[in-house]
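Dear colleague,

Please find below the structure that I am handing over to you.

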Amino acid sequence: MKLGRRTFLGQGTAAAAATSLASPALAQDLAGELDRIRLYDSHEHLTPEKERVRESVDFFGLAAHYLLNDVISAGLTGEALSVVRDAKAPPGKRWAAFEPYWRMARFTGYGQALSIAVRDIYGVEEISGQTLARIDEAIRTRNRPGLYDYVLRERAGIDWCLVDAYWNERPDRLEPEYFLLAQKFDGFVTPASPKDVARLEQVSGVSIQSLAGLKKALAATFERAVRSGMVSVKSTLAYRRELLFHEVSEQDAARDFEAMMQSAVEMPRGFRAQKMRPLRRLEDYMFHQVVRLAEAHRYPFQIHTGLLAGNACFIENTNPNLLANLFHLYPGVKFDLFHIGYPYQEELGVLAKLFPNVHADFCWAHIISPAGSRRTLDEYLETVPVNKILAFGGDYRFPELAYAHARMARRNVVQVLAGKVEAGLFTERQALEVGRLLLRENALALFPPARQSSLVTPGVKTG
Ligand SMILES: [Zn+2]
């Protein structure tokens, strides 16, 4: 046992060593101070509260985001998985199918978040067949107006949430007022059929007969997002394709557009579509158009990099390093790269170190890998200027899980900062200043909430 432990520590990173040095008293001291910092949450998918309180949410509903992916990875498949997903099946039957794999997945970051939410928000210490009914009852009781203020503002200490409302392809104002809009325009980058183009006409209210029409429709939708209070542009194209966007001539893009409108291109389906992009020239061209709009209107740009939600992906498509040409071409656009690019967090660290317009965002990261996030923050703090690091974004549909993630993020920040104080890099006061930047001030500088309350459209002509 002893040898095993020594071997483990021997392989540990600087962070593991640093955090093991931190005295419990120091960590507790710092935690007391850092817990008082009100958060700027750089990324969520929280649905409007009025919709949430109409849904009948139960334990398995919460488990479906994201923990179920780890339970599936542990082996839950087929009929048993269908039972777990079936909201009409008896809870006892669902639990019996879920439990053997939950036992294997409960220690991952996703499992930790679910346990923390159930314990702290619903007052149930342990998730089990015996406590399931109690958990469901507690969720039902709390599922009424006021839930968001209680969980997000009071319990999580969040002042602002930047929300990617991916269900609104047509930009729309968000509520409550501390939800700030991050708007995607990915649909304009990847139309693959005349049917897609018809949908984009609906979204934009612009007729699309040519590439020029598609650009006009994009610009009109962008203007609508500006009027809806957009605070950041957002893209999750890594879910569909590689993140390298070549510079493509207008003629080449137009040729792809014409072929698509004549349905002359066979589109791959499902998983294969992540690799095969027959309309790539059109996509690459249109993505540059989105970045140009962000540049013209002076918006920051949040981009998904690294791990994809679900249970399969070509991870190499998501490497943040593929985006490097954009950082050169558009120095005026501030890029906020998501999820520390996990597992490419070192590449992302290099990009944030080199490029003044690249920021490293820990949203989703503390639950993907709590230990990896500590190691990465430990490394970034001595590699990347501290104003370039955003330490928290919940990335959940459910506020109780965003709360749990916030807790895990605060805990990680405290552990890493305490390690730095212990190692003599920071004074305790400096650690607090850095904590404030990481959890609040950096996001506030990058995504000023005032932008949402202003209805004035910048007078820049684009498209
Ligand atoms: Zn997300």
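Domain bounds here come from an automatic or database domain assignment. For this protein, that assignment gives domain 1 (56–142) and domain 2 (147–453). Residues are numbered from 1 along each chain as its sequence is written. Please note that this is a predicted model, in which local features need pLDDT of at least 70 and side-chain atom pairs count only at pLDDT 80 or more, while totals for chains, interfaces and linings use all residues.

**The two domains**

Taken over C-alpha atoms, the centres of domain 1 and domain 2 are 29 Å apart. The contact between them draws on 15 residues from domain 1 and 21 residues from domain 2; two residues are in contact if their C-beta atoms, placed from the backbone, lie within 7 Å.

Helices (H or I, at least four residues) and strands (E, at least two) are DSSP runs, numbered from the N terminus. On the side of domain 1 that touches domain 2, the elements that give two or more residues are helix H6 (67–74) and helix H9 (109–120). H9 gives the most to this side, with 7 residues. By class, the side of domain 1 that touches domain 2 has 8 nonpolar, 5 polar and 2 charged residues. Here Ala, Val, Leu, Ile, Met, Phe, Trp, Tyr, Cys and Pro count as nonpolar, Asp, Glu, Lys and Arg as charged, and the others, Gly among them, as polar.

**Cis peptide bonds**

The peptide bond from Glu 175 to Pro 176 is cis, with omega near -5°. Pro 176 belongs to the loop between strand E2 (158–163) and strand E3 (179–184). Tyr 342 and Pro 343 are also joined by a cis peptide bond, with omega about 10°. The loop that holds Pro 343 runs between strand E6 (335–337) and helix H18 (345–354).

**Positive phi angles**

His 339 lies in the loop between E6 and H18. Although His 339 is not a glycine, its phi is positive, at about 60°. Is His 339 buried or exposed? His 339 is buried, because 29 other C-beta atoms lie within 10 Å. A residue is called buried if 20 or more other C-beta atoms lie within 10 Å of its own, exposed if 12 or fewer, and partly exposed in between, with C-beta atoms placed from the backbone.

Asp 395, found in the loop between strand E8 (389–390) and helix H21 (399–422), is not a glycine either, yet has a positive phi of about 60°. With 26 other C-beta atoms within 10 Å, Asp 395 is buried.

Yours sincerely,
A colleague
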